[in-house]
Amino acid sequence: MEIKVAKSAGFCWGVKRAVNMAVEALEKDGRAYCLGELIHNRREIERLRKLGMDFIEDMDAVKKGDTVVIRSHGVAPSVIEFLKGRGARVVDATCPFVKDVHEKAMKLEREGYPVLILGNPKHPEVIGIAGHLKEPIIASTVEEVEALPKMPRLGVVCQTTLNLNFFKEAISLLALKVKELKVYNTICSATSIRQRETRKLAGQVDVMLIIGGKNSSNTTKLYQISKSVNPRSYHVESKDEIDPAWFEGAKSVGITAGASTPAWVIDEVVQFVKDLGKGGVLSGRGVCQTAG
Ligand code: F3S
């Protein structure tokens, strides 16, 4: 059985940076808080917990002298102010690309545009972007974009992990109802490269495995893209969820992973599939990597 692992599978640059910053903070201070889960990957969270990281939802737990890590999704400025006001040491691991979305959204507002954020209103990144604005408008579906009224001016930014097809559709709809439309495509290239590569790989193999947290929006999007091209696509968090029956008659397997999936989880899955399909066409780390 041939195994092809997507080149872009796994941690993106921003997540890698955030995890490194968190581990450095733990090495320096012995323990640290993180507001929410640092990344959407249960097993990596367990590893960080063992190193001394405490994941909290309620900022009231934070006391003077505590270290608090801000995850790559970013937060509203009021959160940082609150933590600093408590006397905490803030380690801001917000991805610089997300910071760039904050800057662009605020610039649009300063220029007098009402600002629309295309993204999931419940996602921490979108909550963080909205927290930088006075009156954010948020739309996460085509229906919501259609329901927006006609406007003389509108500025648009989007969640860095937004689906490119939704972005295209939303912008074409807005172009018909807004006289002056200023759009920043803030989809992170790490996301679009991963999505493009997944679509291509899904079309080349018999079975696709998409590895990542079930609560990870970027992994779920990869799964949806893959499934639309290849019905034999499966979203798993680890090798333990793989059913050998999925590979019946399959000659090739494609593997990709969301931006918050650590390399060691991917390696476990690759090894598992390799063991299932002994004697296949293997190269590199025991697998073929796609050209991307
Ligand atoms: Fe940053 Fe892009 Fe990753 S925005 S956190 S590098 S998906």
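Q: Which residues surround the ligand?
A: Cys12, Gly14, Val15, Cys95, Phe97, Thr160, Cys188 and Thr191 do, each with a heavy atom within 4 Å of the molecule. This is a predicted model, where local features need pLDDT of at least 70, side-chain atom pairs count only at pLDDT 80 or more, and totals for chains, interfaces and linings use all residues. Residues are numbered from 1 along each chain as its sequence is written, and side-chain values use heavy atoms, with hydrogens and water left out.

Q: How many of that shell are nonpolar, polar or charged?
A: There are 5 nonpolar residues, 3 polar ones and no charged ones. Cys counts as nonpolar here, along with Ala, Val, Leu, Ile, Met, Phe, Trp, Tyr and Pro; Asp, Glu, Lys and Arg are charged, and the others, Gly among them, are polar.

Q: OK, new topic: what's the strand order in the sheet with S3 and S5?
A: S3-S2-S4-S5, an open sheet of 4 strands with parallel pairing. Strands are DSSP E runs of at least two residues, helices are H or I runs of at least four, both numbered from the N terminus, and two strands pair if DSSP finds at least two bridges between them.

Q: Why is one side of S3 and of S5 left without a neighbour?
A: S3 (53-56) and S5 (89-92) stand at the edges, each with a single partner strand, so one side of each has no neighbour in the sheet.

Q: And how do S2 and S3 pair?
A: In the parallel sense, over 4 bridges, with S2 covering residues 32-35. Ala32 has Met53 in S3 as its bridge partner.

Q: What does H1 lie across?
A: Helix H1 (residues 13-29) lies across S2, S3, S4 (67-70) and S5, at about 155° to S5. Contact means heavy atoms within 4.5 Å; axes are lines fitted to C-alpha atoms, for helices over the stretch in contact, with angles from 0 to 180 degrees between N-to-C directions.
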